[in-house]
Amino acid sequence: MNDGKVGVFLSDCGNVLSEVLDFNALVKYVKEVSGVVLVERSSEFWRGEGLQAIIDSIEGGKINRVVVAEGLPKLSEVNIVQAVEEAGLNPYLVEVIDLKDHCAWPHREAPSEATEKAKVMLLAAIERAKLLEPIEKLEFPALKSALVIGGGIAGMQAAVDLADLGFEVNLVEKAPFLGGLAARAGRFFPTDDCAICIQSPASDVKTITHTSRKCVYRSGLSEIRNLNILTNSTVTGVEGVPGNYKVTIEKKPRYVDELKCVRCDLCAGVCPVEVPDEYNAKLRTRKAVYMNIPNVHPPVYVIDESVCKFQDCAKCVDVCPTGAIELEQKSEQTTLSVGSIIVATGFQEFDSSIIKEYHYGDYPDVITNLELARMIDGFGPTGGAIVRPSDRKPAKKIVMIQCVGSRDRRYNPYCSSICCMVSLKHATLIKSNYPGTDITICYIDIRTTGREHEDYYERAREMGIKFVKGRPTEILRDSGTNRLIVDVEDTLLRRFLELDADMVVLAPAMVPADGTRELAEILGLELDEDGFFKEYNAKLRPTETKLRGIYICGGVTFPKDAPTTSLHAHSAAIKSAKFLTTGKIVKDQRTAIVNEEYCGDCEFCSVTCPYGAVSLVQTSEEHFVARVSDLLCEGCGVCVGTCPLNAIELRHSRPNQMLAQMGALMSANGTGKPLILAICCSECGHTAVDSAGMAMLQYPANVRVMKVPCAGILQVHQFLEAFKAGAQGVMVVGCKSDGCHYEVGSENAGKKVELAKLLLKEYGIEPERLGMFNMVFIEGDRFADAARTMTERLKGLGPLKLAGVS
Amino acid sequence: MGFGKDVKSASLTFPNVVRSRLGGETISLCYQCGTCASSCPVAKITASFNPRELIKLSLLGERDEVISGDAIWLCCSCYNCQERCPQKVEIADIMYALRNIAFKEGYIPDIYSEFASALLDDGRIVRVSRFMEKRRPSLGLPPLQPTGVDDLRKILSATGFDKLQKKEETS
């Protein structure tokens, strides 16, 4: 664009910068640059009179490109850009640079060198500004409805929050009843109240009195009009984009009409099929037509189709007083349109039978914590009695084993975080109900990190529960008496113990629920190495995923206790509500665009894009081209760096813009030291340069900084271009590879740098002239250090000899 | 035990020495749960051997105590501990690593120096008695062949095995 009329606004930050930089020389220099029609100097331009000067010159039609040199640009830029937009100019035609932290402060010991650097920084900004093009803001519609997957504590709480806020909510649960793992837990710490109650999806709108909690069966969950509960249902497909997802749901037949069933239990009374009740730890049997426990939700019987004899029996049909039983029901597929999705599918117990030496599944008196919880639950199969499954006699000697499959590199390397508390809760509950019970807990470390959690440990010791620090090697069974023997070393006493037990309770690891991997695939999200869903950012965005509109909460990200799960669920609900509330998604078009003429449909971009924003579209019989979704694209440029044919560009970081900047930054030296181009990502890399300046750490002025959205945008040939432009060395500064703001950018850049080093060698250029550096914002010292080291290294190497370039 | 003093006198690099040895790489993963000890058939019958304790002592840098003692030679290499270790510490292999370090330093139990000289003499660690040789045909076994001990000696000499000497003061 040759008609750029650039206005340059130089802030001297209340004249403090002029102690280092020669502003008269800068003004004089800038005035000579072609395209510059206005140069102003003031103490600040991001507010007050300074900002008004920018507005006036835009409104007066004097300028159509704005370059501002201002302190703290990451904050001041927001004000400037907003004002520019209000003044009627496209806000993306602004370039803000930082002469303070990027030049005056880090080079204050060499003022003349700093001034020379400031000149080329301004030149680079002007050259880039001239090439900038207007960027449009786009609006996408978002449906005001949500899907919540998983009907445990997390899912129910999130669903009710969203429903109370007025959104249409669909809550999908795979099992025939709501409650999930939580409902089976009997009682919860830290209050020891019943698990079935604490899952309190009480609608604030429906509840007249605000009580501390409401039980699931009297919460009126099903009475919330805008909450559609789908039990016995699974999500089988998700298509579409944030704000507009098409979700396919398969609803298995219940064979009982939810509207007609009156819970009279006559059907179960006549049902001849009796099977072990999995829900109740197989400690009792149930019929083919059943409810888990009397107070479940929905309060409707269900027929287990895997065991029911259907028309060969049909006794229940005859006996049902309301005609609720419908044996001819079929699976139904429904499609829902939702704007946002919350994943709350939780966790489950690890299968302890894999650990052969503990004989779970083999010895009936070896049980898990969840099975013990069913015994403790008054609604459970034993009515609260603690018995040996083998003969139903009271279990008087109990040994508990912690970390079964947790902290175990053969199975799950992580600490499952809640099992210590679960075991302490169980042990103290049993001990207070049956004080004569002898309980020993074998542990590696006891971890009680929450509020009031340590009290459990203390109380357990006071109650006489014994603790053995040691992990048992094996559970043996006396063939004569059938009693269990736990073989363990008390590592504190250095003594081998053979603990005699009626019953052994394992504290298994908590692992992602069955189906988590399949669901992740359906949603297009990745799991961490342990199989849990990955947060977008564990500390600041703990319920978000890399896909806008899809949120995660509860045990699906990691094992959690009930209080933490509730917190997580409310957080996910508010994030989802924030996303849905305006009914639209506003996004600017600083996105990638494909030159379809060059595209060779290699698929590299669509595979690399962390956001699934690039897809291949068929244009003719045999030809496909890549196309970018402006809604999904986050503007990182990782696709640009991957494209072998240079067919993709970012609208706001075009190669010609970068080249112009490079050329300008390398156009003059003035330091006598070898010129270095530091290409910094806009996230951690560029801010690390800021923090070096803020801390006034000194590094030589021959280091010139160029900002790119993400280091992943860089292509190998761009390093060569930098050398051709006059750089003696090139630094690539990105986020830590596991902390890249765009998932894979930093890692990709690192690979690109290694590849480029090989090529440089071919061209006779020392590979040491190129280096990748990873740092975070606060590591300004690392940047300064890297800049100094690189300068010294290049001094040692001597001038660059480039074939074909003088 | 005067902890501070002992740590000072102990070699602080010993865990690194063990880690650098074949078989010793995983030693620092140990979190002292005792699964190894309760899995160990030797530890059950003698207090002189406890794999968990040997690992702890090694990690504390108690080099001399570990390599000059008898304990490391008592492992029967059943690998039960290694199978069951939740941290994938290669306990039995660590015992070999410790033995190798000890052997090099001259801490060699009598039985092992007998093995060594037997190996150098005729290529077998167990000397075959005439009685055993006579019984072989009755068990359907062929007569023993010469071991090619000359080639073996070359290898043992190239690796420095024949130079390994027992420390005078150990027995």
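## A first look at chains A and B

In chain B, K88(B) sits in the loop that runs between α7 (80-84) and α8 (91-104). Its phi is near 55 degrees, a positive value in a residue that isn't glycine. With 13 C-beta neighbours inside 10 Å, K88(B) counts as partly exposed. Keep in mind that this is a predicted model.

You'll find Y255(A) in the loop between β12 (244-251) and α9 (266-270) of chain A. Is Y255(A) buried or exposed? Y255(A) has 23 C-beta neighbours inside 10 Å, so it counts as buried. Back in chain B, G160(B) comes after α11(B) and has a positive phi too, near 85 degrees. That helix, α11 (residues 149-158) of chain B, is hardly covered, with 0 buried residues among its 10.

Why are such spots worth a glance? Most residues other than glycine have a negative phi, and most peptide bonds are trans.

| Cis bond | Omega | Loop holding the proline |
|---|---|---|
| F189(A) to P190(A) | near 5 degrees | between β8 (187-188) and β9 (193-194) of chain A |
| H297(A) to P298(A) | near 0 degrees | between β15 (289-290) and β16 (302-303) of chain A |

Now for the overall layout. Chain A is split into domain 1 (1-135), domain 2 (145-252 + 336-345 + 513-580), domain 3 (266-326), domain 4 (351-509), domain 5 (589-649) and domain 6 (653-799). Take domain 5 of chain A and domain 6 of chain A: their C-alpha centres lie 26 Å apart. Where they touch, 10 residues come from domain 5 of chain A and 15 residues from domain 6 of chain A. On the domain 5 side, helix α17 (residues 638-642) of chain A gives the most, with 3 residues. That side of domain 5 of chain A holds 4 nonpolar, 4 polar and 2 charged residues.

Which residues does I342(A) contact, leaving aside its neighbours within four places in sequence? They are A146(A), V148(A), I149(A), A158(A), Y551(A), C553(A), A572(A) and S576(A).

Some of those names turn up again in a helix pair. Helix α6 (residues 153-164) of chain A packs against helix α15 (residues 562-580) of chain A at an angle of about 35 degrees, with the axes 8 Å apart. The crossing of α6(A) past α15(A) is right-handed. Among the residues that meet there are A158(A) from α6(A), and A572(A) and S576(A) from α15(A). By class, this contact has 9 nonpolar, 6 polar and 1 charged residues.

Last stop, the place where the chains meet: 16 residues of chain B are in contact with 16 residues of chain A. On the chain B side, α3 (35-39) and α5 (51-59) each supply at least two residues, and α3(B) gives the most, with 4 residues. That side of chain B has 4 nonpolar, 7 polar and 5 charged residues.

Definitions and conventions: Residues are numbered from 1 along each chain as its sequence is written. Chains are lettered from A and ligands numbered from 1 in the order in which they are written. This is a predicted model: local features need pLDDT of at least 70, side-chain atom pairs count only at pLDDT 80 or more; totals for chains, interfaces and linings use all residues. Domain bounds come from an automatic or database domain assignment. Two residues are in contact if their C-beta atoms, placed from the backbone, lie within 7 Å. Ala, Val, Leu, Ile, Met, Phe, Trp, Tyr, Cys and Pro count as nonpolar, Asp, Glu, Lys and Arg as charged, and the others, Gly among them, as polar. A residue is buried if 20 or more other C-beta atoms lie within 10 Å of its own, exposed if 12 or fewer, and partly exposed in between; C-beta atoms are placed from the backbone. Axes are lines fitted to C-alpha atoms, for helices over the stretch in contact, and angles run from 0 to 180 degrees between N-to-C directions. A crossing is left-handed if the near helix is turned anticlockwise from the far one by less than a right angle, and right-handed if clockwise.
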